[in-house]
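Dear colleague,

I am handing over the structure we spoke about, and I would be grateful if you could look through it alongside the notes that follow.

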Amino acid sequence: HVKCSRVVGEVMGNYHPHGDSAIYDALVRLGQRWSLRHPLIDPQGNFGSPADEPAAMRYTEARLAPIAMKMLEGIDENTVDFGPNYDNKREEPLALPSRFPNLLVNGQQGIAVGMATNIPPHNLGEVCDAVEHLIDHPDATSDDLMAFVKGPDFPTGGLIMGRQGILDAYRTGRGSIRMRAVAEIEELRNSEQIVVTEIPYQTSVDAIETKIAEVVERKVVDGIRAVRNESAKGETRLVIELKRDAPGFVVLNNLYKHTPLQSTFSVNMVALIDGVPRTLDLRGALVAYVDHQVEVLTRRSQYRLDKAQRELHINEGLLKALDIIDEIIT
């Protein structure tokens with residue numbers, strides 16, 4: 001592990017002259033298990049929580065996670081193009097070899113001038129199965145590939161309500177996916193309590209707790225006696241104690257309606273294809289990945305062939321020298 005402040009300084013000096021806070025925020029997000037399905041950074045120190053800011057960069061440390069090395073595998077074998085950095089003093093890769101489909105697996109979020117992208121994270125095994133099927137069946141449609149990619153796989157868990165949002169997103173590149181927390185109603189001696197163990201993506205237990213307190217105070221939702229956040233050691237547990245005669249299912253449905261226990265993820269699968277922003281359906285995203293991998297493997301094979309031929313040329317010369325070694329010594 002190295003200090004995050006060192007990483008931020010090197011990125012700012014060598015590659016992108018942004019402000020240090022923007023670079024550190026990006027670095028931190030890559031190491032948060034509730035933000036990425038498979039974090040690319042192995043963090044050390046306080047990288048924050050869904051509700052809290054991380055420690056300052058001078059206190060935290062980071063290194064690449066093993067899966068991030070797959071993003072870079074073969075980069076030293078002429079697999080991708082390099083271009084000059086902002087001050088023309090060094091070169092940087094224009095893309096990474098990315099031996100796993102990171103765009104879909106970890107999702108992407110970003111804004112630019114006049115456009116934005118919002119791609120949800122997916123299950124690594126499902127996406128790889130879809131890639132394999134696409135290679136074997138190049139004419140496969142998005143609907144065919146949905147047999148492998150069932151839907152987004154959010155790192156915070158939760159439920160996806162209905163399939164229409166998923167179908168819209170995978171067929172057109174745009175869709176609204178409704179997410180709901182996982183909650184159980186437990187019977188107590190004289191009352192009931194609601195226990196939440198998984199929450200929707202991009203929210204936090206603290207935000208939900210605050211919103212519940214707010215709607216109770218405004219009397220939008222009745223029947224709640226107390227709310228306790230018992231989350232610890234990476235496990236989510238939010239306990240909502242109900243009043244004696246309060247019906248648990250009614251209260252829970254009201255909480256889904258008025259708090260972030262239920263929220264939506266607006267899918268907008270925009271990506272740069274050959275430098276042009278395009279809205280991709282599921283097939284389009286996987287085809288772009290397969291095409292990139294074909295180019296990466298072709299260039300890697302050519303690099304290794306050229307290297308082997310150079311070595312062959314030298315070895316042929318050495319063999320010829322061995323045949324006349326006495327003359328050479330003389």
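**The nonpolar cores**

The largest nonpolar core comprises 37 residues, and those with the most contacts inside it are Leu40, Leu104, Leu145, Tyr170, Leu282 and Leu286. At least two residues of this core come from each of helix H3 (66-72), helix H4 (102-105), helix H5 (124-136), helix H7 (164-172), strand S9 (174-180), strand S14 (262-268), S15 and helix H10 (282-323). H10 gives the largest share of this core, namely five residues. Apart from this core there is a second, separate one of 19 residues, which includes Ala181, Val205, Leu242 and Tyr256. As general background, nonpolar side chains tend to be buried together in soluble globular proteins. Please bear in mind throughout that this is a predicted model.

**Isoleucine 273**

Isoleucine 273 is found in strand S15, which covers residues 270-273. Is isoleucine 273 buried or exposed? With a relative accessible area of 17%, isoleucine 273 counts as buried, because the cut-off for that class is under 20%. If residues up to four places away in sequence are not counted, isoleucine 273 touches Arg278, Leu280 and Ala288. Between isoleucine 273 and glycine 284, which lie eleven residues apart along the chain, the C-alpha separation is 9.8 Å.

**The chain as a whole**

The secondary structure of the chain amounts to eleven helices and 16 strands. Its radius of gyration is 26 Å, whereas a compact globule of 330 residues would have one near 20 Å, and the box filled by the C-alpha atoms, taken along the principal axes, is roughly 105 × 50 × 40 Å. Of the contacts in the chain with a separation of 6 or more, 58% are accounted for by residues 24 or more positions apart.

As for burial and surface, 36% of the 330 residues in the chain are buried, while the chain exposes about 19,000 Å², of which carbon and sulfur atoms supply 52%.

With kind regards

Notes. Residues are numbered from 1 along each chain as its sequence is written. This is a predicted model: local features need pLDDT of at least 70, side-chain atom pairs count only at pLDDT 80 or more; totals for chains, interfaces and linings use all residues. Side-chain values use heavy atoms; hydrogens and water are left out. Helices (H or I, at least four residues) and strands (E, at least two) are DSSP runs, numbered from the N terminus. The radius of gyration is taken over C-alpha atoms; the globule rule is 2.2 Å times the number of residues to the power 0.38. Buried means under 20% relative accessible area, exposed over 50%, partly exposed in between (1.4 Å probe, protein chains only). Contact means heavy atoms within 4.5 Å. Accessible areas come from the Shrake-Rupley method with a 1.4 Å probe; for residues, only the protein chains shown count as cover. A nonpolar core is a set of buried Ala, Val, Leu, Ile, Met, Phe, Trp, Tyr and Cys residues joined through side-chain atoms within 4.5 Å.
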